Amino acid sequence: MLALDTSKKLSFNKLIADGDLVIVYERHDTMKAVNVCEGSVFQNRFGVFKHSDWIGKPFGSKVYSNKSGYVYLLAPSPELWTLVLSHRTQILYIADISFVIMYLEIVPGCLVLESGTGSGSLTTSLARAVAPIGHVYTFDFHEQRAASAREDFERTGVSSMVTVGVRDIQGNGFPDELCGMADAMFLDLPQPWLVIASAAKMLKPDGTLCSFSPCIEQVQRSCEALRMNFTDIRTFEVLLRTYEVREVKNDSMQGHGGSPSQQPPCKRRQTNEGSNKQESISSTIMARPSAEARGHTGYLTFARLKCSA
Amino acid sequence: MSGNQSRADSVQSRRVTWEGCSVLLDINDGDRLVFSRLTENSTLKIGKKNYSLRPLIGCPFGSLFQVEYGAEGSKLSRLLESAEVSNIQENGDYQPVEEHRDNRELVDNNKAQSLSGEDIEELRRQGATGDKIIEALIANSATFEKKTAFSQEKYRLKKQKKYAPRVLLRRPVARSICETYFTKYPARIGFMRVDTLSLLLSMANVAANSDILVVDMVGGLLTGAVAERMGGSGYVCNMYLESSPYPMDIVRMFNFSDEICKRIVRTSLSDLCSVQNDPSEQMGHDVSVTANASDEQMCSHETLTEPAVMEEIAPPSQNEISKCKIPKAGDKASQETIDLWKANGFSSLIVAAPELDTWNTVKDLMPHLSHSAPFAIYHQYLQPLATCMHNLQIEKMAVGLQISEPWLREYQVLPSRTHPCMQMSAFGGYILSGVKICNPEST
């Protein structure tokens with residue numbers, strides 16, 4: 001998933017090879033992670049797909065089943081992985097993930113601590129953000145979950161950036177050998193306030209911390225604990241609204257004033273309208289928010305470790 | 001872990017300021033935000049006075065400074081831990097006491113304060129610190145004791161901002177730079193909110209060792225944010241579709257090392273499209289002409305837009321500039337690099353070009369992406385993205401198409417006083433995201 005070796009640049013024009021991880025795309029809400037294996041098959045409602053047909057094709061290719069059904073084979077990315085990974089716990093989604101990485105100011109070379117690992121959805125994005133020379137230490141108290149996460153990180157190719165530890169962070173704090181080394185830290189724990197003292201020891205001065213909690217009572221207690229050693233304590237909620245786009249064919253809806261376009265007419269535009277003449281006269285493209293949306297994921301509380309002199 | 005230690009020296013992760021570094025100064029808890037460069041002679045104006053920024057050099061980012069009055073006048077001096085702690089106790093956030101006071105007896109007749117302006121000046125002349133003046137104001141306020149604990153706290157904070165202003169030394173990174181522009185000059189960054197910017201970077205899979213094609217008409221914010229995520233590996237190709245490159249002054253706010261600056265390059269679409277056959281004469285000619293034109297353009301941008309920086313404080317003198325040389329980003333991409341992009345395609349695309357036609361831009365750029373490359377298109381209006389999404393579907397150029405609008409709400413969290421903040425940004429822009437597919441018919 002990540003290009004960790006500078007000599008092997010990330011180029012998706014690379015052809016699919018035996019053993020590669022591919023994301024099989026049926027629809028925007030139906031995707032699956034598959035490891036290509038010569039002699040193996042992939043089966044869905046569109047029929048049976050032979051892996052041997054996939055090998056040698058570029059990523060992004062459309063491939064057909066025995067019944068002429070088709071799917072697309074996409075190159076894996078942390079975003080796609082979040083959509084296909086197996087849920088061993090509740091996971092973080094893209095809106096929270098991207099905001100956390102930006103707000104924790106994680107850049108290549110950072111050392112980041114995380115607890116718990118959960119299903120590794122955020123961890124994969126953390127690994128991408130610190131690559132190629134940083135590292136993520138992630139901890140979960142559930143032994144089997146940690147083992148599954150390790151397998152996943154092997155599978156997605158981020159394992160060299162991630163160390164998974166089995167440890168009850170809430171009960172025992174972070175390990176002493178990481179003291180004063182962390183640039184950033186992410187907590188997704190039921191009682192994060194129990195870890196704040198240990199967190200302060202792990203972080204560098206001005207290092208950033210984020211605590212994710214679904215309930216406001218958890219936020220309340222965490223913020224109280226944070227006020228001792230942290231500053232710039234801010235709590236956010238971030239959500240995504242998605243839109244549906246459709247073309248409505250309607251003769252009465254034509255008209256030159258109907259286009260809300262902001263651009264002044266330019267050469268390009270005119271040529272485009274020329275080529276799409278039929279469509280622009282008889283149809284309008286309209287967008288509206290999707291009816292269903294995630295209403296709440298969790299509150300994100302950020303803080304910075306105070307700089308003592 | 002030893003490998004992790006060595007990279008601590010790289011400029012990007014420096015946590016202590018140095019002479020010539022770019023800083024973000026937060027005055028009185030966000031009341032004012034100022035970008036500045038720390039030099040021997042740079043100053044910051046607070047109220048009617050100019051304060052030297054020299055005391056800030058060599059301090060860790062995150063340090064807090066306060067105006068202090070001394071024998072030789074007032075200056076900025078660093079607030080240390082003990083002072084901060086006492087301030088937190090003053091805020092008294094710990095126990096929510098049952099409040100019996102209210103405002104029924106408070107009358108706004110301007111008679112509550114018995115200290116006059118002259119009295120305060122006199123106190124100052126005697127060398128009273130800002131904190132002392134605040135104490136005096138409180139002692140001489142007839143109504144302070146009648147206020148609720150919350151409004152006492154507000155009163156104290158208001159007086160502190162006036163008589164003992166504070167300056168927080170912040171690191172200029174994508175987050176703080178985007179937030180500052182969004183607060184102060186949102187139009188310069190195309191009204192792109194920080195959560196939107198973060199989504200663009202994620203959706204376009206920005207990572208080390210990739211080649212990101214960027215159309216940045218938001219002042220360089222996008223280019224800088226992408227370069228920050230790549231940490232001096234791969235390339236950010238800042239593409240321009242018209243005759244001259246777009247300004248990217250915001251890139252200079254980041255404290256980028258030479259290494260990172262070298263990875264920010266510019267190319268015109270025509271250079272990328274130039275015909276591959278007959279490379280000897282045709283291309284050589286082409287390139288030299290555009291190179292000249294763009295160099296000129298870049299220089300003029302550089303000088304013209306210098307004041308576009310929030311409040312550029314006391315521009316450093318010529319010899320100072322040479323002493324603390326700022327690495328320059330945005331060289332023209334080498335032919336060798338362009339050829340590599342032509343052969344392999346870019347690993348992803350981000351467009352933030354409110355002034356260009358979205359669909360035509362995307363249509364022109366898609367062929368330059370490698371197969372299965374993700375892309376993210378920003379716009380502050382929905383319609384151009386809807387049209388673009390529809391056309392991408394019709395032309396079967398991409399899958400996983402989605403238009404998203406992020407929503408961000410901040411909360412005030414205090415004992416017994418937790419609620420969403422009274423002010424919020426209602427809009428941070430729309431994003432169209434998707435993944436390019438291999439379409440033998442269309443390419």
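Colleague: Why is the pair B:Arg15 and A:Asp183 called a salt bridge?

Modeller: In this predicted model, the closest N and O atoms of B:Arg15 and A:Asp183 are 3.2 Å apart. A salt bridge is a side-chain nitrogen of Lys or Arg within 4 Å of a carboxyl oxygen of Asp or Glu, so the pair B:Arg15 and A:Asp183 meets the rule. Across the interface of chain B and chain A, the rule finds seven salt bridges.

Colleague: What makes up the contact between chain B and chain A?

Modeller: Chain B supplies 91 residues and chain A 84 residues, where contact means heavy atoms within 4.5 Å. On the side of chain B that touches chain A, strand E14 (residues 398-412) of chain B gives the most, with 12 residues; strands are DSSP runs of at least two residues, numbered from the N terminus.

Colleague: How do you know that strand E12 of chain A pairs with E14(B)?

Modeller: Two strands pair if DSSP finds at least two bridges between them. Nine bridges join strand E12 (residues 230-249) of chain A to E14(B), so the two strands pair, and they run antiparallel. A:Glu237 stands opposite B:Arg409 in E14(B).

Colleague: Why are strands E2 and E6 of chain B called edge strands?

Modeller: The open sheet of five strands has the order E2-E1-E7-E5-E6 in chain B. Strand E2 (32-37) and strand E6 (73-79) each pair on one side only.

Colleague: Which conventions apply to the numbering and the confidence limits?

Modeller: Residues are numbered from 1 along each chain as its sequence is written, and chains are lettered from A in the order in which they are written. Local features need pLDDT of at least 70, side-chain atom pairs count only at pLDDT 80 or more, and totals for chains, interfaces and linings use all residues, while side-chain values use heavy atoms, with hydrogens and water left out.

How values were computed. Helix = DSSP H or I, 4+ residues; strand = E, 2+ residues; numbered from the N terminus.
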